[in-house]
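Here are my notes on the model you sent over.

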Amino acid sequence: MGRIKGVTPVLIGLMGSGKSSIGRQLARALKLGLLDLDDYIVAQAGMSIPDIFADRGEDGFRDMETAALRAVLGQRAVIASGGGIVMRAENRALLKAHSPVIWLKTAPEFLARRINGDSNRPLIAAGDTLSRLQQLAGIRYPLYETCADFTLPRGDMNKKESLAAILELLSDWKNETCARV
Ligand code: S3P
């Protein structure tokens, strides 16, 4: 584990892909804190995500999300982002300038079973969750791909296996980075 000391990963991916829960375990393994962007935004705004969407619209939420990303990037922590972080070019540029960014790639079919109609997630609160997630995946997969240093295709990997795979990716990456310097 010593080899990956000082590494501050950012997790990206569709809602429900495990960014917060795997992020928490990853932070523990790396002996870092976890900064969850959604929690940060909620604390700053003093209101829930559905209330922010209702009060300020999605654009208002995205403004807060960019400000939050700027505030937390570079801190000694694992960062769990919100699923829509890649929607703004400004955020993508910030992510591309940071390493490592890890995409938790999870199929909409799997996610729909986990987060069906979650009322805390305004973008899927109404309508058919699976078709909404498929639509979001169509738009966002290419964007996640351009921002990610690594893609973790979760498939049927559980959280423990995902964590182990991430730690291995980070260790290989750190070795390669050290070898190049
Ligand atoms: C969003 C994902 C949510 C939250 C907001 C918007 C999105 O975060 O930021 O509801 O656009 O996909 P999670 O990915 O943590 O659910």
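1. How many bridges join strand S1 to strand S3, and do they run parallel or antiparallel? Two bridges link S1 (residues 10-12) with S3 (residues 77-80), and the strands run parallel. Leu-11 stands opposite Ala-80 in S3. Keep in mind that this is a predicted model.

2. Zooming out, the sheet is an open one of five strands, ordered S2-S3-S1-S4-S5, with parallel pairing. Strand S2 (33-36) and strand S5 (150-153) are the edge strands, each pairing on one side only. From one strand to the next, the twist averages 25°. Helix H6 (residues 129-147) packs on this sheet and touches S1 and strand S4 (101-105). The direction of H6 makes about 150° with that of S4.

3. Now S4 itself. With S1 it pairs in the parallel sense over three bridges, and Ile-12 has Trp-103 of S4 as its bridge partner. S4 and S5 also run parallel, joined by four bridges. Leu-104 has Leu-152 in S5 as its bridge partner. Is S4 enclosed or open to the outside? Four of its five residues are buried, so S4 is largely enclosed by the rest of the structure.

4. I'd have a look at Arg-92, which lies in helix H4 (residues 89-96). Arg-92 is buried yet has no salt bridge. Which side chain of opposite charge is nearest to Arg-92, and how far away is that? The answer is Glu-65, 10 Å away, whereas a salt bridge as counted here needs a side-chain nitrogen within 4 Å of a carboxyl oxygen. What Arg-92 does touch, leaving out residues up to four places away in sequence, is Val-86, Met-87, Leu-143, Thr-146 and Cys-147.

5. A cis peptide bond joins Ser-99 and Pro-100, with omega about -5°. Pro-100 sits in the loop between H4 and S4.

6. On to helix H1 (residues 19-30). Its 12 residues reach 15 Å from first C-alpha to last, close to the 16 Å expected at 1.5 Å a residue. The buried residues of H1 include Ile-22, Leu-26 and Leu-30, and Lys-19 is also one of them.

7. Is Lys-31 buried or exposed? Lys-31 is exposed, because its relative accessible area is 74% and the cut-off for exposed is over 50%.

8. Last one: Pro-50, which lies in helix H3 (residues 49-72). With a relative accessible area of 23%, Pro-50 counts as partly exposed. Where does Pro-50 make contact, leaving aside neighbours within four places in sequence? Its partners are Ser-119, Asn-120 and Pro-122. Pro-50 and Ala-125 are 75 residues apart in sequence, yet their C-alpha atoms are 9.3 Å apart in space.

Methods. Residues numbered from 1 in each chain as written. Predicted model: local features only at pLDDT ≥ 70, side-chain atom pairs only at ≥ 80, totals over all residues. Heavy atoms only, no water. Pairing = 2+ DSSP bridges. Axes fitted to C-alpha atoms, helices over the stretch in contact; angles between N-to-C directions. Contact = heavy atoms within 4.5 Å. Buried < 20%, exposed > 50% of the residue type's maximum accessible area, 1.4 Å probe, protein only. Lys, Arg positive; Asp, Glu negative; His and termini not counted. Expected span 1.5 Å × (residues − 1).
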